[in-house]
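New notebook page, new structure. I want to look up a few spots one by one and jot down what turns up.

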Amino acid sequence: MVLNGASTARRPTGPVLGLLVVVVCLLVGPAVVTLALVPVFGVSPMALVGGPMAIGTQMVLLLGFLGASGLLAVWVLAKERRPLASLGFFPATRIGAHLGFGAGAAVVLLVIPVVVNLAAGQYLVGPVRFAQAGAVLLALVGFAVQACTEEVLNRGYLLQTAYRKWGLTAALVFQAVVFALLHGANFQVGVLPLVNILLIGLTLGMWAVAEGSLWGVCAFHVVWNWCQGNVAGIEVSGMDIQATLLSLDPLPGAAALLTGGAFGIEGSLVTTAALLTTTVLAYRALQKRRLVSTGTA
């Protein structure tokens with residue numbers, strides 16, 4: 001069970017120190033790896049600070065999250081002295097089913113605001129870019145690194161450390177708030193995007209607990225980001241990705257409350273409505289899991 005991971009530690013970490021660990025991992029690890037990858041991919045350091053993002057720049061930024069994963073792994077193994085699998089991956093059953101459900105849920109959730117915006121005439125639809133298919137597939141690898149790292153840090157490590165001291169409700173809220181605040185430095189961020197990211201954090205937190213592992217939420221997060229950016233051609237948390245299969249751009253004068261504006265679909269009010277529904281569904285799944293585990297169903 002994902003919640004029990006911290007209890008396997010010989011020297012467990014409290015939630016406040018755990019938050020500091022997460023922040024250090026995200027600040028130091030990606031910075032070091034990103035600097036190392038810049039010459040490998042031949043990108044300019046200035047390209048990392050905003051503007052249109054070519055595939056090389058995108059890969060440098062996404063693969064930089066390997067640094068955060070590496071630092072967390074060192075902390076968990078050396079300080080807490082517990083296996084990395086305890087962060088939320090093993091023991092687990094029906095892994096393939098969880099991965100498939102997570103990926104499918106991401107596609108469905110994304111289709112809702114996209115279809116609404118298309119029906120409302122808010123998007124300019126460009127041609128399919130078949131020549132970009134290779135770069136689009138490569139980006140999936142990058143998003144797998146980035147999204148899974150964020151899940152391990154938030155729905156794995158942070159949720160576990162907070163649950164051990166504060167209980168389930170506080171832990172779920174804590175990790176979701178931290179998840180939203182960590183996105184506060186993203187390009188073009190605003191109040192509505194942060195509300196939506198908070199709802200995503202709550203949904204994925206309850207989902208992980210109900211499932212008992214991180215497989216499903218990792219698949220969701222990877223596909224959610226990848227389909228927005230490299231498949232649909234929509235900004236991902238303000239990132240203007242260039243290697244895309246499709247191209248969905250807000251028309252001049254389009255309603256930012258519908259399209260999400262420069263932040264992307266995560267800043268859309270339609271996404272808010274869809275996420276409120278997923279939050280309720282995740283809560284019901286969590287309640288069902290807790291009833292079953294206590295034998296009161």
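This is a predicted model: local features need pLDDT of at least 70, side-chain atom pairs count only at pLDDT 80 or more; totals for chains, interfaces and linings use all residues.

**Helix 1 against helix 3**

I started with helix 1, residues 15-41, and helix 3, residues 65-80. Their axes come within 6 Å and cross at roughly 135°. Next I listed who touches whom. Helix 1 brings L17, V21, V24, C25, L26, V28, G29, P30 and V33 to the contact, and helix 3 answers with F65, L66, G67, A68, L71, L72 and W75. Sorted by class, I get 14 nonpolar residues, two polar ones and no charged ones for this pair.

**G64**

Then I checked G64, which sits in the loop between helix 2 (55-63) and helix 3. Is G64 buried or exposed? Its relative accessibility is 0%, so I put G64 down as buried. Skipping neighbours within four places in sequence, I find G64 in contact with G29, P30, V33, T34, L37 and M59. G29, P30 and V33 were also in my list for the contact of helix 1 with helix 3. I looked at P83 as well: G64 and P83 are 19 residues apart in sequence, and their C-alpha atoms are 23 Å apart in space.

**Helix 1 against helix 6**

Back to helix 1, this time with helix 6, residues 168-182. The two pack at an angle of about 25°, and their axes are 12 Å apart. An angle under 35 degrees counts as roughly parallel, so that is how I filed helix 1 and helix 6. The crossing of this pair is right-handed. From helix 1, the contact uses P15, L19, V22 and L26; from helix 6, it uses F174, V178 and L182. I sorted these by class too and got seven nonpolar, no polar and no charged residues. L26 is a name I had already written down for the contact with helix 3.

**Two arginines in a loop**

Which loop holds R81? I found R81 in the loop between helix 3 and helix 4 (95-119), and R94 lies in the loop between helix 3 and helix 4 as well. R81 has a positive phi of about 55° although it is not a glycine. For R94 I also noted a positive phi of about 55°, and R94 is not a glycine either. On accessibility, R81 comes out at 40%, so I call it partly exposed. R94 is at 59% relative accessibility, so it goes down as exposed.

**The annotated stretch and helix 8**

How many residues of helix 8 (residues 215-231) are buried? I get 17 of the 17, so helix 8 is largely enclosed by the rest of the structure. Just after helix 8 comes G233, with a positive phi of about 80°.

**Y283**

Last stop for today: Y283, in helix 10 (residues 269-294). Its relative accessible area is 44%, so I noted Y283 as partly exposed. I also looked at T203, which is 80 residues away from Y283 along the chain, and found their C-alpha atoms separated by 7.6 Å.

Technical notes
Residues are numbered from 1 along each chain as its sequence is written. Side-chain values use heavy atoms; hydrogens and water are left out. Axes are lines fitted to C-alpha atoms, for helices over the stretch in contact, and angles run from 0 to 180 degrees between N-to-C directions. Helices (H or I, at least four residues) and strands (E, at least two) are DSSP runs, numbered from the N terminus. Contact means heavy atoms within 4.5 Å. Ala, Val, Leu, Ile, Met, Phe, Trp, Tyr, Cys and Pro count as nonpolar, Asp, Glu, Lys and Arg as charged, and the others, Gly among them, as polar. Buried means under 20% relative accessible area, exposed over 50%, partly exposed in between (1.4 Å probe, protein chains only). Angles under 35 degrees count as roughly parallel, over 145 as roughly antiparallel, 65 to 115 as roughly perpendicular and the rest as oblique. A crossing is left-handed if the near helix is turned anticlockwise from the far one by less than a right angle, and right-handed if clockwise.
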